[in-house]
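Keep the structure open while you read.

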Amino acid sequence: MAAAASSSSFSSLWTQLSEQVPRWPAALTFRRTTTTTTTTTTADPTRTTTTTTTAAQGAAVADAAGAAGPSSLPRAAAAAAASDASARHAQQPPTHTEAAATAHNATSSNSSSRGTRGRDSHPPRHHHHRLNEPRRGFRATLARLDAVQLVLHLAQVLLALLRWVFFIGVRTPLRSVLAWIRPPNHRARVLFQEAMKQSASFAEWHAIAAEYDKLEGNDAWTISDHSSALFDVHIVRIRLGQLRAARLSGDLQQMVFLLRAGLQRNYGGIDNPELFTQSFVGTKQLIQEYNDEMVKQLLDICEAQHPSFDYITKERFFHDARQAFGRSALLLSGGASLGMIHFGVVKTLFQFNLLPRIISGGSIGAIVAAFLGTHTDAELPGFFEPNAINFRAFDRLGHGSARRKITRLLTQGVLMDASKLEDFVRSNIGDVTFQEAYRRTGRVINITVASTTRHEMPRLLNYLTAPNVCIWSAATASCASPFLYAPADLQAKNQNGDIVLWNPSSHKWGDGTLENDLPMARLSELFNVNQFIVSQVNPHVVPFMRSTKKSFSSSVWREWGKAILLSEIKHRVIQLVELGLFPKMFQPMLTQRYEGDITIVPDLGLLDLAKVLGNPNEKDLQHYLRLGERCTWPYIPIIQNRLQVELTLDACLQQVRAERKGLAGQLVGDVRHRNAASHSGLPVHPRVLARRPTM
């Protein structure tokens with residue numbers, strides 16, 4: 001009766017709970033499994049029943065009963081009550097009879113196990129554990145999946161939070177800073193830069209550069225004549241007014257007096273390189289007007305017919321004025337095959353009549369200087385045409401160049417065959433000496449060579465220091481860099497025109513650029529040079545060169561960084577040499593000066609650097625020729641400004657000397673035509689003269 005009452009009460013309680021609490025799916029309900037073992041002993045000692053019930057099974061029965069409907073709830077409740085009773089009975093201490101029955105059953109079980117161990121060595125397995133384990137593993141897997149999903153959701157939330165923080169805290173301020181640093185017309189700058197790089201001629205480049213200057217407002221900067229920190233505006237304006245007044249009054253003596261007082265370089269700071277980094281096509285209009293006024297007065301004095309100003313007085317005036325003003329020189333650096341860029345630089349300067357008469361070169365620059373010094377002005381235009389240079393000396397080498405170079409390096413210590421280079425130079429310029437080249441073209445060609453001895457300084461060969469030396473011999477020796485070409489002998493012409501050794505001794509001559517790439521001091525001593533235009537193509541030097549022109553990528557911080565890095569390298573190299581930790585023979589190569597007053601630097605790519613040690617050919621020559629032209633165009637305004645007065649002085653002196661000797665020329669007319677055309681931005685081809693006057 002008590003059991004029936006308990007079952008009825010439990011059934012009503014379960015009905016109320018099932019109506020109020022929603023049932024969870026069995027797969028998502030995680031229960032704690034409890035195993036209870038109950039042993040029941042009857043009056044017959046041989047009949048003992050052992051019942052094993054788990055709480056999880058009871059819960060499962062209850063779930064099944066709930067799912068079956070209300071009619072099955074009494075049976076489920078009875079089963080649950082029986083399970084609870086069994087659990088309470090298991091917790092009570094066993095009686096004496098139950099303990100004896102348990103011991104008897106244990107003895108029977110052990111004897112039964114000993115009897116069957118021979119057939120099966122494994123212990124008996126509990127089937128109820130094998131039935132419960134798969135279900136428990138499935139639930140654990142579901143729990144782990146829920147944990148992984150939770151972690152993934154948290155990661156997504158964290159990433160969204162980080163993106164929001166980056167957008168608000170980093171991206172927006174960074175864009176604001178870039179917008180503040182970049183000019184408002186940054187996109188237009190990029191388009192103009194690409195258009196200027198792809199220009200096919202200087203006229204096209206000049207037109208694009210002028211439009212960009214208008215866009216940037218640089219044209220207004222050139223016109224403004226207010227005070228400037230870059231040069232002395234006041235003193236230049238005063239001297240310009242005095243020169244104009246003297247010319248308009250026709251006072252020849254006053255013009256000569258004012259020119260001799262102010263005819264010098266960098267008067268009032270007008271040669272400051274920073275004045276040419278503000279605009280692509282020019283500088284301050286006041287500076288240009290000052291140079292134009294001096295040129296006009298020099299031409300008027302040259303053409304003046306005055307009794308007190310005869311040819312002798314004119315010649316003395318122009319000679320002294322040119323000596324006081326100084327001269328310019330073009331210096332061509334080394335750089336192996338990259339030196340073919342010099343051809344494009346020389347071609348552009350020649351087209352604008354801005355090619356100085358004094359030219360110096362070392363290594364590959366010596367070969368270019370040799371070509372220039374042996375060709376007249378009439379021959380130079382054809383010299384730059386395709387197939388004008390003979391490359392047959394290198395074409396005969398055929399295939400297997402890499403194998404030959406490696407074999408030669410291992411056997412002779414050099415990569416290249418000097419005889420092929422000698423044939424190349426000699427076949428293009430012939431057996432011409434420095435003296436003969438100067439008399440033929442009027443150009444002063446200088447080539448630097450270095451002796452293989454330790455006690456002799458590098459020599460500068462020209463028509464004064466080595467008049468009888470063959471130019472091809474000096475150019476070949478100047479290319480003899482260590483491990484590249486073997487040192488060579490210098491060949492000269494004797495009185496009979498035979499080729500002999502210039503210095504019969506055991507001394508050999510090699511590359512002079514390792515110690516003196518740009519012989520500025522020696523040129524200043526010999527030819528009064530005080531302005532140097534450098535074409536620099538050395539691959540180990542170009543990245544450190546400072547820009548002296550207007551460019552899209554010019555930056556004060558960038559130029560300062562290059563200067564600081566270069567000075568630091570020089571300082572550390574000197575320290576290492578003093579400590580004996582660096583070869584002394586390479587010290588001059590890293591510490592000497594590699595830039596001039598105007599330094600033309602090309603934009604080299606990786607493909608260009610990969611061809612440094614390759615043999616030259618016609619295809620590479622045309623590529624480097626165009627590269628040299630494009631890298632020279634931006635320097636044309638500053639070179640015109642620097643050489644305008646100097647070239648006028650030189651032309652006037654040559655004109656006066658020609659008139660004095662009864663050989664009236666047209667040099668002054670050429671100068672007037674050149675100055676008129678220089679303002680239009682178009683190249684001017686100089687008039688070819690029948691005779692070039694002496695220095």
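The report below starts with a helix pair and then turns to salt bridges.

**Two helices side by side**

Please keep in mind that this is a predicted model. Two packed helices are described by the angle between their axes and the distance between the axes. Here, look for helix α12, residues 311-325, and helix α27, residues 636-660. Their axes come within 9 Å and cross at roughly 155°. Angles over 145 degrees count as roughly antiparallel, so α12 is roughly antiparallel to α27. The crossing of α12 and α27 is also left-handed.

Which residues touch? On the α12 side, the contact includes Tyr-311, Glu-315, Phe-318 and Arg-322. On the α27 side, Leu-649, Asp-650, Leu-653 and Arg-660 are among them. By type, the residues of this contact divide into nine nonpolar, one polar and eight charged.

**Charged partners**

How many salt bridges does the structure hold? There are 15.

| Salt bridge | N to O distance |
|---|---|
| Glu-315 and Arg-660 | 2.6 Å |
| Arg-322 and Asp-650 | 2.7 Å |
| Glu-289 and Arg-244 | 3.4 Å |

Take the salt bridge of Glu-315 and Arg-660. This pair links distant parts of the chain, as Glu-315 sits in α12 and Arg-660 in α27, 345 residues apart. Is Glu-315 buried or exposed? A relative accessible area under 20% counts as buried, so Glu-315, with 15%, is buried.

Arg-322 is buried, with a relative accessible area of 7%, and Asp-650 counts as buried at 11%.

Finally, visit the salt bridge of Glu-289 and Arg-244. Glu-289 lies in helix α11, residues 285-303, and Arg-244 in helix α9, residues 233-249, so the pair ties together parts that are 45 residues apart in sequence. Glu-289 is partly exposed, with a relative accessible area of 27%. Arg-244 counts as partly exposed too, at 34% relative accessibility.

Methods:
Residues are numbered from 1 along each chain as its sequence is written. This is a predicted model: local features need pLDDT of at least 70, side-chain atom pairs count only at pLDDT 80 or more; totals for chains, interfaces and linings use all residues. Side-chain values use heavy atoms; hydrogens and water are left out. Axes are lines fitted to C-alpha atoms, for helices over the stretch in contact, and angles run from 0 to 180 degrees between N-to-C directions. Helices (H or I, at least four residues) and strands (E, at least two) are DSSP runs, numbered from the N terminus. Angles under 35 degrees count as roughly parallel, over 145 as roughly antiparallel, 65 to 115 as roughly perpendicular and the rest as oblique. A crossing is left-handed if the near helix is turned anticlockwise from the far one by less than a right angle, and right-handed if clockwise. Contact means heavy atoms within 4.5 Å. Ala, Val, Leu, Ile, Met, Phe, Trp, Tyr, Cys and Pro count as nonpolar, Asp, Glu, Lys and Arg as charged, and the others, Gly among them, as polar. A salt bridge is a side-chain nitrogen of Lys or Arg within 4 Å of a carboxyl oxygen of Asp or Glu. Buried means under 20% relative accessible area, exposed over 50%, partly exposed in between (1.4 Å probe, protein chains only).
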